[in-house]
Amino acid sequence: MRKIFVIGIGVGDPDHMTMQAIRALNQVDVFFIPDKGSEKSALRDLRISICERFIENAGYRTVGIDVPQRNASGDYLAGVDDWHGRLAELYGDRFERELGDNEVGAVLVWGDPAIYDSTLRIIERLRANGLALEFEVIPGISSVQVLAAKHRIALNQIGEGVLLTTGRKLADGFPNEAGTVVVLLDGVQAFAGLADQDLDIFWGAYLGTEHEILRSGKLAEVKDEIVALRKAARERHGWIMDIYLLRRSDPRK
Ligand SMILES: C[S@@+](CC[C@H](N)C(=O)[O-])C[C@H]1O[C@@H](n2cnc3c(N)ncnc32)[C@H](O)[C@@H]1O
């Protein structure tokens, strides 16, 4: 049966690759490399350089997949579902055409495949649609872990929870029940709307890459600097990936 490895590759530093990920890479016949356009071409290049650096036998093939844009208008969940459907068709077609019956394919996933990534949902969808496919997931170092490591902080406060969420959700307000909130996928800088609350922020962009930027402090004091840094960096590089952690300055309040 065809097999697919879904391999977490870390978030920008090739040294994030685990021994398990490198072992899996070396069993692969075909790499399926998603291309999300110029914004993410730097990420595609990292995937290719990881293959070149860690694979000992160069007999593998690579197949590009042009990822379609998600329709951002209308209902969010319906838009994501429709996008996953189109991605499943694309991936299913490539897996069937490019992977021999007993060959091994791989999708290299940014960070960890379990955190805000659609690959596992797409593969489950393909299997539900009847595609005979075995798959195995190799965990990777996520942007959440790298953010905490670079700021040299623990994610949780003592005895408190940690919520992973998106900028879209945070725009509704800081969730009161959460001790710490880690925010990914924030294109609207939702943190800027919370500056009247007594919060600390730990922010990082391009983590693990040569362009890495870190800032931290009281949200009200560093918010404008982060907004300006983010805008300038995005203009300079043509894309940005940033993540941040927010928590109450005084956890007893
Ligand atoms: C689609 S999610 C993928 C998350 C990924 N699976 C992980 O484990 O980190 C993309 C978001 O992850 C965060 N991210 C990923 N790589 C990053 C990096 N190198 N620096 C800062 N944030 C990053 C950003 O919030 C970005 O919007």
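Phe32 counts as buried because its relative accessibility is 1%, where buried means under 20% relative accessible area, exposed over 50% and partly exposed in between, with a 1.4 Å probe and protein chains only. The model is a predicted one, in which local features need pLDDT of at least 70 and side-chain atom pairs count only at pLDDT 80 or more, while totals for chains, interfaces and linings use all residues. Residues are numbered from 1 along each chain as its sequence is written, and side-chain values use heavy atoms, with hydrogens and water left out.

There are five aromatic pairs in the model; rings of Phe, Tyr and Trp (its six-membered ring) pair if their centres lie within 6.5 Å, and planes under 30 degrees apart count as stacked, over 60 as edge-to-face and the rest as tilted. One of them joins Phe31 and Tyr60, edge-to-face, at 5.3 Å centre to centre with 85 degrees between the planes. Phe31 lies in strand β2 (residues 30-35) and Tyr60 in the loop between α2 (41-54) and β3 (61-66), so this pair ties together parts 29 residues apart in sequence. Phe31 and Tyr60 are both buried.

The rings of Phe32 and Phe95 have centres 4.8 Å apart and planes at 70 degrees, so this pair is edge-to-face. Phe32 lies in strand β2 and Phe95 in helix α3 (residues 76-98), so the pair ties together parts 63 residues apart in sequence. Phe95 counts as buried because its relative accessibility is 0%. Ring pairs link Phe32 and Phe95 with Tyr91 into a cluster.

Asp242 is found in strand β10 (residues 242-248) and counts as buried because its relative accessibility is 11%. Its side chain makes polar contacts (N or O atoms within 3.5 Å; within protein, one must be able to donate a hydrogen and the other to accept it, and residues adjacent in sequence count only if both atoms are side-chain atoms). One is with the side chain of Trp203, at 2.9 Å, and another is with the side chain of Arg230, at 2.7 Å. Leaving aside neighbours within four places in sequence, Asp242 is in contact (heavy atoms within 4.5 Å) with Asp186, Trp203, Gly204, Ala205 and Arg230.

The protein as a whole has seven helices and ten strands, which are DSSP runs (H or I, at least four residues, for helices; E, at least two, for strands) numbered from the N terminus. Of its 253 residues, 49% count as buried.
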